[in-house]
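Here's a quick look around a protein model for anyone meeting it today. Have the structure open as you read.

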Amino acid sequence: MLIIRYNKNMAQTITKDAKALARAFGFRSEKEFIARAVQEKVRRLEAVLFSRTADKVKRGLDRAGLSEEDILAGFERSRR
């Protein structure tokens, strides 16, 4: 795991960059820009987690010798 030590210089650099990018892309403020950037990053990371989970499920189904059709057929049988 990468650990980045937060310091005053880093905060000043991020603030300066956020202000410049906020202006360049038409945001009302650097806070609005930062909020949007964090939201987008969170969505991307959630997609990565979903993909990893789906891959684990697929590998488990493959190891068990089950196909998507087997799973769907099982759901259909349980609905009756």
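## Salt bridges and a nonpolar patch

Let's start with lysine 58, which is partly exposed, with a relative accessible area of 48%. Keep in mind that this is a predicted model.

What does lysine 58 pair up with? Its partner is aspartate 62, and the salt bridge between them has its closest N and O atoms 2.8 Å apart. Both residues sit in helix 2, four residues apart, or about one turn of the helix. Aspartate 62 is partly exposed too, at 44% relative accessibility.

The model has four salt bridges in total. Here are some of them:

| Salt bridge | N to O distance |
|---|---|
| Lysine 58 and aspartate 62 | 2.8 Å |
| Arginine 44 and glutamate 40 | 3.8 Å |
| Glutamate 32 and arginine 28 | 3.7 Å |

Arginine 44 and glutamate 40 belong to helix 2 (residues 30-64), and because they are four residues apart there, about one helical turn separates them. Arginine 44 counts as exposed at 51% relative accessibility, just past the 50% cut-off, while glutamate 40 is partly exposed at 34%.

As for the pair of glutamate 32 and arginine 28, is each one exposed or partly exposed? Arginine 28 is exposed, with a relative accessible area of 76%, and glutamate 32 is partly exposed, at 23%.

Leu66, Ile71, Leu72 and Phe75 make a nonpolar surface patch of about 350 Å². One of these, isoleucine 71, is found in helix 3, which covers residues 68-79. At 31% relative accessibility, isoleucine 71 is partly exposed.

Terms used
Residues are numbered from 1 along each chain as its sequence is written. This is a predicted model: local features need pLDDT of at least 70, side-chain atom pairs count only at pLDDT 80 or more; totals for chains, interfaces and linings use all residues. Side-chain values use heavy atoms; hydrogens and water are left out. Patches are made of residues with over 30% relative accessible area and no salt bridge: like charges are joined within 9 Å, nonpolar side chains (Val, Leu, Ile, Met, Phe, Trp, Tyr) within 5 Å. Accessible areas come from the Shrake-Rupley method with a 1.4 Å probe; for residues, only the protein chains shown count as cover. A salt bridge is a side-chain nitrogen of Lys or Arg within 4 Å of a carboxyl oxygen of Asp or Glu. Helices (H or I, at least four residues) and strands (E, at least two) are DSSP runs, numbered from the N terminus. Buried means under 20% relative accessible area, exposed over 50%, partly exposed in between (1.4 Å probe, protein chains only).
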